[in-house]
Amino acid sequence: MLRIAVVGSGPSGVYTAQALVRQPLLPGILVDVLDRLPAPYGLVRYGVAPDHEKIKSLQNTLRSVLEHERVRFLGNVEVGAHGLTPERLLGLYHAVVYCVGAARDRRLGIPGEELAGSRSATDFVAWYSAHPDAAPADFGLGARSVVVIGVGNVAVDVARVLARGAEDLRPTDVPHRALGALAGSGVRDVHMVGRRGPSQAKFTTKELRELGALPAAEVRVEPADLALDPAYAPARPPARSTADGAVQGPAAGAPLPLAAVNRRNVEVVRGWADRPGQGRPRRIHLRFFLRPVELLGTDGRVTAVRFERTAPDERGGVRGTGTYEEIEAGLVLRAVGYRGVPIAGLPFDETAGTVPQLAGRVLRYGVASPGEYVAGWIKRGPTGVIGTNRACAKETVVSLLADAPLLSARRITADPLDALRAAGHRPVEWPGWLAIEDAEAALGASLGRRSVKIPDWEGLLTAARGERGPSGT
Ligand code: NAP
């Protein structure tokens with residue numbers, strides 16, 4: 001019998017727990033899923049946009065794992081707090097799998113990034129997702145023009161939320177204050193800007209298409225941006241044999257071979273470029289081949305972003321052209337990717353922002369550390385969709401099971417929960433989480449809405465104890 005700790009209850013953590021309790025080799029395995037937050041599900045609760053209800057419903061699948069008889073959810077337990085170091089955890093469990101994701105935003109490293117009104121998209125997502133660590137911020141939604149830097153799925157999410165009317169979001173679980181702020185938003189133009197072309201953008205086609213289906217917004221694309229993309233070059237005849245047997249290759253400028261997903265993105269963007277304006281109240285401007293070089297401001301507050309026009313090089317990258325363009329912005333959201341956060345006592349690769357590993361085994365000085373594993377974004381970096389984590393978790397669990405004879409010989413504490421309590425942790429167990437769910441349903445009912453998320457630590461912990469918190473948060 002093995003006792004395993006999985007640190008993190010997002011998709012990678014829950015898929016790891018699922019793979020552990022479902023495998024037939026060690027049927028008695030016990031899994032504790034620890035989370036720093038009182039609520040489970042990680043980015044499914046605190047990252048997936050509120051209007052993506054189908055993806056959100058994945059919580060039902062994750063729930064069935066956390067309700068498995070050999071799985072315990074222990075929320076409000078922070079590795080790194082109250083002396084709960086990786087070393088200490090290894091004294092409590094036969095093995096520990098870190099599934100802590102990539103919690104921080106990447107930086108642009110350009111002048112003006114610190115100006116007021118320049119925020120990370122992760123902050124904005126945390127705010128509209130009711131993450132209890134999110135500052136109860138004023139996002140400056142009085143601004144008429146917003147620049148979103150980056151063309152990945154997070155950029156698409158924040159652009160869509162900004163461009164949607166609050167009435168569209170009212171049926172979702174978006175926190176009430178955020179809904180009020182979005183209702184009063186003065187935002188009319190959202191500029192989503194990529195440094196490369198549409199054929200190289202990171203967003204997925206399904207998410208991209210949604211931008212064109214918003215009731216109160218229209219997408220605008222500049223044909224001049226598109227013309228720069230190698231994928232838009234006019235088609236040339238393919239290679240063919242001539243009469244004398246020589247092979248004539250496609251001339252320079254022929255369209256590059258594109259992965260299927262990129263071709264679909266290109267087609268969607270091209271469709272918008274050809275469409276006349278529809279006069280809707282909000283506009284999403286999709287811009288390409290513009291590299292941010294400086295955030296400009298007045299009195300410490302951002303007013304515009306300065307971009308350098310880029311041109312594609314031969315290797316899929318871009319080079320600067322020495323011409324510049326400014327786009328007005330009362331708010332700038334930087335959506336240029338996430339980055340892993342080191343855990344004290346666990347190795348960390350600063351360059352990659354991940355924990356060094358081999359097939360999920362944590363490497364200390366290049367050697368597998370017995371009993372320590374990783375899965376998810378902290379293992380492979382912040383890429384892929386939620387389902388990617390399933391295969392990633394499986395690979396880690398295969399490694400762990402192969403190590404089982406070694407792991408089971410390790411001496412551990414009888415019940416880690418007692419040890420955690422004795423060390424000052426106050427875990428929120430599954431009934432506590434169910435009480436939070438009930439409180440969120442009651443809060444929603446009191447506001448004439450469906451379930452509404454509780455956005456603060458005190459409210460969550462009060463609800464977990466089964467006590468009534470203040471309503472209207
Ligand atoms: P991402 O997919 O890595 O996209 C980051 C974007 O930022 C890229 O366009 C990148 O351009 C750009 N960028 C990076 N550094 C830059 C710089 N210095 N200046 C200008 N642009 C820069 O990251 P993400 O959007 O944060 O998404 C993270 C992961 O979560 C992805 O796997 C994504 O699919 C997933 N996700 C999925 C959903 C969904 O399925 N609905 C929703 C949200 C997130 P380059 O390509 O040129 O580097």
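This is a predicted model: local features need pLDDT of at least 70, side-chain atom pairs count only at pLDDT 80 or more; totals for chains, interfaces and linings use all residues.

Tyr365 isn't a glycine, yet its phi is positive, near 50°. You'll find Tyr365 in the loop that runs between strand E19 (361-364) and strand E20 (367-374). Asn76 is another non-glycine with a positive phi, about 60° here. Asn76 sits in the loop between strand E3 (71-74) and helix H5 (86-92).

Now zoom out to the domains. The protein splits into domain 1, which is 3-103 + 339-428, and domain 2, which is 107-336. Their C-alpha centres are 34 Å apart. The contact between them draws on 12 residues from domain 1 and 17 residues from domain 2.

How much area do domain 1 and domain 2 bury between them? About 1200 Å², with 54% of that on carbon and sulfur atoms. On the domain 1 side, the residues that lose the most area to domain 2 are Tyr46, Pro50 and Asp51, and together they make up 46% of what that side buries.

Asp51 comes up again when you look at charges. It pairs with Arg160 in a salt bridge, and the closest N and O atoms there are 2.7 Å apart. Between the two domains the count is 3 salt bridges. For polar contacts across that interface, we get 5 residue pairs. Which elements give two or more residues to the domain 1 side? Those are helix H2 (42-46) and helix H3 (53-56).

Staying with salt bridges, the whole structure has 33 of them. One I'd like you to look at is Lys453 with Asp173, at 3.9 Å from N to O. Lys453 is in the loop between helix H17 (430-446) and helix H18 (457-464), while Asp173 is in the loop between helix H8 (166-169) and helix H9 (176-183), so this pair ties together parts that are 280 residues apart in sequence.

Last stop, the ligand. There are 22 residues around it, and the closest are Val151, Val154, Arg195, Arg196 and Gly384. What do we see at the ligand's oxygen atoms? Gly384 has a backbone N or O atom 2.9 Å from a ligand oxygen. Val151 also uses the backbone, with a polar atom 3.0 Å from an oxygen of the ligand. With Asn153 it's the side chain, where a polar atom lies 3.1 Å from a ligand oxygen.

That's my tour, thanks.

Methods. Residues are numbered from 1 along each chain as its sequence is written. Side-chain values use heavy atoms; hydrogens and water are left out. Domain bounds come from an automatic or database domain assignment. Contact means heavy atoms within 4.5 Å. Buried area is the accessible area (1.4 Å probe) that two parts lose on being put together, summed over both. A salt bridge is a side-chain nitrogen of Lys or Arg within 4 Å of a carboxyl oxygen of Asp or Glu. A polar contact is a pair of N or O atoms within 3.5 Å; within protein, one must be able to donate a hydrogen and the other to accept it, and residues adjacent in sequence count only if both atoms are side-chain atoms. Helices (H or I, at least four residues) and strands (E, at least two) are DSSP runs, numbered from the N terminus. A residue is near a molecule or strand if one of its heavy atoms lies within 4 Å of it.
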